[in-house]
Amino acid sequence: MVSEINPAETSRAYAFEMWMKAPMPMVTFLRTVDVTRLRLVSRRRGLKFNMLMCWCVGKAASAIKEFYMLPVGDKLFRYDSLAVNTIVADSRGEVSSCDIPFSEDLNQFNNDYLRLTERVASTCENHDVTDRMVIGTSALAKYSVDGAIGMYSGIFNNPFLIWGRYRRRWFKYELTVSFQFHHTQMDGAHAARFLELLQYEVSHLG
């Protein structure tokens, strides 16, 4: 469920006034994440690495209330739940977009991820979730990426993560993650906490 809220009655009142009309309101953080545990769980349980990353993104974001608010146009909206978007290679050889409703239940999220991405890949039709705050992701798993700065279209203000191929560093595996967010939605401290929680979820994946 989504509803419009009065920015003046939220903790984002000052940020809304300061950043909603800024020509470039997006901020990008880069973080190197230790994905050794996630890679191990992926291989042992036969689960897709990207699915696990998306679940950890949703799990970390769900603990931060700012993720449930999103500036759209000149308004601020509050959502009751989250979704995580992933980019899917489709049957045309192009890419399509797929929103997966976030669930605390990893098995449920995995089932939805597999079902929806398979449908999008075969139909070449995007799957959009409009009643949840959507966190965008793009995985360039075949490529080594040292950093990425997202594009600000002026239309979509959703937070967005980009990552490439993980790298081996001695006895662990690391992944560089780029996180772009709208300054009206959250401050740097919220974004940094989110990335800390992302590392926590990745490292404690069961």
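Accessible areas come from the Shrake-Rupley method with a 1.4 Å probe. On that basis, the protein chain of this predicted model exposes about 10,700 Å², and carbon and sulfur atoms supply 53% of that area. Buried residues, meaning those under 20% relative accessible area, make up 50% of the 206 residues in the chain.

With regard to the overall fold, the protein chain contains 5 helices and 10 strands. Its radius of gyration is 17 Å, close to the 17 Å that the globule rule gives for 206 residues, so the chain is as compact as a globular protein of that length. The C-alpha trace, taken along its principal axes, spans about 50 × 40 × 30 Å. Among the contacts in the protein chain with a separation of 6 or more, 70% are accounted for by residues 24 or more positions apart.

Glutamine 180 is found in strand 10, which comprises residues 172-182. Its relative accessibility is 4%, and because buried means under 20%, glutamine 180 counts as buried. When residues up to four places away in sequence are not counted, glutamine 180 touches Met26, Val27 and Thr28, together with Gly150 and Met151, and also Asn158, Pro159 and Phe160.

Note on methods. Residues numbered from 1 in each chain as written. Predicted model: local features only at pLDDT ≥ 70, side-chain atom pairs only at ≥ 80, totals over all residues. Heavy atoms only, no water. Helix = DSSP H or I, 4+ residues; strand = E, 2+ residues; numbered from the N terminus. Rg over C-alpha atoms; globule rule 2.2 N^0.38 Å. Buried < 20%, exposed > 50% of the residue type's maximum accessible area, 1.4 Å probe, protein only. Contact = heavy atoms within 4.5 Å.
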